[in-house]
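Subject: Structure handover

Hello,

Here is the structure I promised to pass on. Please open it first; my notes follow below.

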Amino acid sequence: MEQYTFEKFWKDLNDGYQIYFDYMDIRYLVYKLKKNCYKKEMITTKEKCPLQKNEIITLKRLKELYEFMENFEYKAFDA
């Protein structure tokens with residue numbers, strides 16, 4: 001099985017995919033808005049969760065999160 005690298009993940013976002021992933025046992029959706037601008041949306045929530053539900057993040061922050069992401073799923077971007 002081929003390893004899913006950050007470069008492949010980043011290319012998929014640039015190609016217009018919306019990507020679901022798990023981070024700290026919470027499901028998120030991330031997609032590209034424009035150059036160096038990505039939107040991260042919380043799909044599942046936990047009671048008393050201190051994390052933001054919607055967040056605009058940079059590529060640098062996306063790289064920091066990537067190593068902790070799990071269970072990737074794709075959705076084609078609806079234009």
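Start with Phe 9. Its relative accessible area is 0%, so Phe 9 is buried. Keep in mind that this is a predicted model.

Phe 9 has a ring partner, Phe 72. The two ring centres are 5.7 Å apart and the planes meet at 55°, so the pair is tilted. Phe 9 sits in helix H1, while Phe 72 belongs to strand S5 (residues 70–76). The pair therefore ties together parts that are 63 residues apart in sequence. Phe 72 is partly exposed, because its relative accessibility is 25% and the buried class ends under 20%.

The model holds 12 aromatic pairs. Another of them joins Tyr 4 and Tyr 66, again tilted, at 6.5 Å centre to centre with 50° between the planes. This pair also links distant parts of the chain: Tyr 4 is in the segment before helix H1 (6–14), Tyr 66 is in helix H2 (residues 59–66), and 62 residues separate them. Tyr 66 is buried at 14% relative accessible area. Tyr 4 comes out at 21%, so it counts as partly exposed.

Both pairs belong to a wider group. One aromatic cluster is formed by Tyr 4, Phe 6, Phe 9, Tyr 17, Tyr 66, Phe 72 and Tyr 74.

Now the core. Nonpolar side chains tend to be buried together in soluble globular proteins. Here the largest nonpolar core has 17 residues. Which of them touch the most other members? They are Phe 9, Leu 13, Val 30, Tyr 38, Leu 62 and Met 69. At least two core residues come from each of H1, strand S1 (17–23), strand S2 (26–34), strand S3 (37–42) and H2. H2 gives the most, with four residues.

Leu 62 is worth a look on screen. Leaving out residues up to four places away in sequence, Leu 62 touches Phe 6, Phe 9, Leu 13, Val 30, Tyr 38, Ile 57 and Met 69.

Last, two backbone notes. Asn 36 is not a glycine, yet has a positive phi of about 60°. Asn 36 is in the loop between S2 and S3, and is partly exposed at 43% relative accessibility. Asn 71 is not a glycine either, and has a positive phi of about 50°. Asn 71 is placed in strand S5.

Best wishes

Methods:
Residues numbered from 1 in each chain as written. Predicted model: local features only at pLDDT ≥ 70, side-chain atom pairs only at ≥ 80, totals over all residues. Heavy atoms only, no water. Phe/Tyr/Trp six-rings, centres within 6.5 Å; stacked < 30°, edge-to-face > 60°. Buried < 20%, exposed > 50% of the residue type's maximum accessible area, 1.4 Å probe, protein only. Core = buried A, V, L, I, M, F, W, Y, C linked by side-chain atoms within 4.5 Å. Contact = heavy atoms within 4.5 Å.
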